[in-house]
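Welcome! Please open the structure in your viewer, and let's walk through a few stops together.

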Amino acid sequence: MRGEYKVPGGKLVAVDLTVDDSSGPGVLRDVRISGDFFLEPDEALEVIDRALTGLAATTSSAELTRVVDDALAAAEASGEVPGPVAMVGFDARAVAVAVRRALGLATTWDDHTFEVLRPGPLPPRTLGALDQVLTEELAQGRRGPTLRFWEWDERAVFIGSFQSYRNEIDDAGVEKHDVTVVRRISGGGAMFMEAGNCVTFSLVVPASLVDGLSFEASYAFLDDWVLGALAELGVEARFAGMNDVASPAGKIAGSAQKRLAGGAVLHHMTMAYDIDADKMLEVLRIGREKLSDKGTKSANKRVDPLRSQTGLPREKVVDAFADYFAQRYSTVPSALRPDELARAEELVRTKFATPEWTHRVP
């Protein structure tokens with residue numbers, strides 16, 4: 001069996017192995033790690049191979065990571081390998097992911113076909129409810145991995161699941177500008193969203209796609225295609241912190257995640273296209289302190305990294321992202337099912353439109 005894992009921003013790790021199940025539960029044999037990474041000293045590679053050989057084929061990613069780290073530390077302490085071990089462009093976790101992929105316990109992008117949804121404008125609360133519905137549908141095996149682009153006609157603020165309403169939201173600004181406040185099921189920060197001022201997508205994937213990755217590493221892994229799409233649009237972008245994307249001109253986007261029991265991961269991103277900073281500052285309290293983080297220093301300016309840096313209409317930018325994703329991964333066009341929309345509307349009524357949910361963190 002063979003498995004490969006390309007570390008985001010790093011190197012390729014590959015593993016070849018066999019599974020011996022001749023006398024009971026499967027055991028790893030003939031483990032050979034390779035790749036274009038850098039590892040010093042040379043003897044450390046043999047230490048890794050030996051540490052993995054003999055482990056149960058069901059060993060978790062966390063345990064595989066621990067075994068590799070412990071084996072290298074022990075070899076260094078005992079003098080089995082000369083000098084300190086340096087792993088450049090990869091780490092023990094990357095080795096674990098490659099092993100799990102070889103065993104078919106972790107999947108790659110190429111193992112999936114993604115359904116692409118572009119259903120047109122929907123009310124903000126319905127958009128938030130669909131995140132829960134589609135993630136639950138994947139967990140129940142009723143829908144495959146899905147990429148959904150958002151469209152809306154109303155002004156809205158989406159706040160993170162754990163944010164304090166009164167710390168984030170200015171009710172006077174909400175009333176003045178007729179803004180709908182929606183609390184997401186995922187964490188992260190608040191985003192002011194008028195029709196046409198952001199590019200937002202939700203990506204629902206099986207947990208097997210991020211098997212072995214820490215939460216921090218999974219953000220870069222799931223957003224790597226976004227950097228590629230931005231590059232094709234002429235935007236020089238990089239990861240900033242755990243869940244942000246930035247250009248030399250400032251922050252462009254932020255991501256958030258939610259993982260559900262049943263093995264489904266919701267990952268979504270909002271990218272600023274052309275935000276009215278004056279309105280944003282009247283609606284968001286924290287925005288008054290964080291405006292410089294959005295790429296502008298004056299409330300009289302617009303937060304417009306995608307519009308100014310691409311020179312394209314928003315619809316063309318969304319098209320470019322959809323086209324790039326389809327070029328990179330296997331996709332099929334899809335549509336929301338009536339039962340999914342009905343479930344979303346029921347969740348709006350019973351959850352997303354209720355004060356109990358919206359103000360659950362006062």
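**Stop one: where two helices meet**

Start by selecting Ser 61, Leu 64, Thr 65, Val 68 and Asp 69 in α2, which meet Ala 92, Arg 93, Val 95, Ala 96, Val 99 and Arg 100 in α3. This contact of α2 with α3 is made up of 6 nonpolar, 2 polar and 3 charged residues. Keep in mind that you are looking at a predicted model.

Now widen the selection to the whole of α2, residues 61-78, and the whole of α3, residues 92-102. Two packed helices are described by the angle between their axes and the distance between the axes. Here the angle is about 130°, and the axes lie 8 Å apart. Turn the view to look at the crossing of α2 and α3, which is right-handed.

**Stop two: a proline and its partners**

Next, select Pro 362, in the segment that follows α13 (355-358). Which residues does Pro 362 touch, leaving aside those up to four places away in sequence? They are Ser 164, Tyr 165 and Arg 166.

**Stop three: colour by confidence**

Finally, colour the chain by pLDDT. The mean is 93, and 96% of the residues reach 70 or more. Then select residues 294-300, where the pLDDT is below 50. Beyond near neighbours in sequence, this stretch has 15 contacts in the model. Where pLDDT is low, the predicted coordinates should not be read in detail.

How values were computed: Residues numbered from 1 in each chain as written. Predicted model: local features only at pLDDT ≥ 70, side-chain atom pairs only at ≥ 80, totals over all residues. Heavy atoms only, no water. Axes fitted to C-alpha atoms, helices over the stretch in contact; angles between N-to-C directions. Helix = DSSP H or I, 4+ residues; strand = E, 2+ residues; numbered from the N terminus. Left-handed = near helix turned anticlockwise from the far one by under 90°. Contact = heavy atoms within 4.5 Å. Nonpolar A, V, L, I, M, F, W, Y, C, P; charged D, E, K, R; others polar. pLDDT = per-residue confidence, 0-100.
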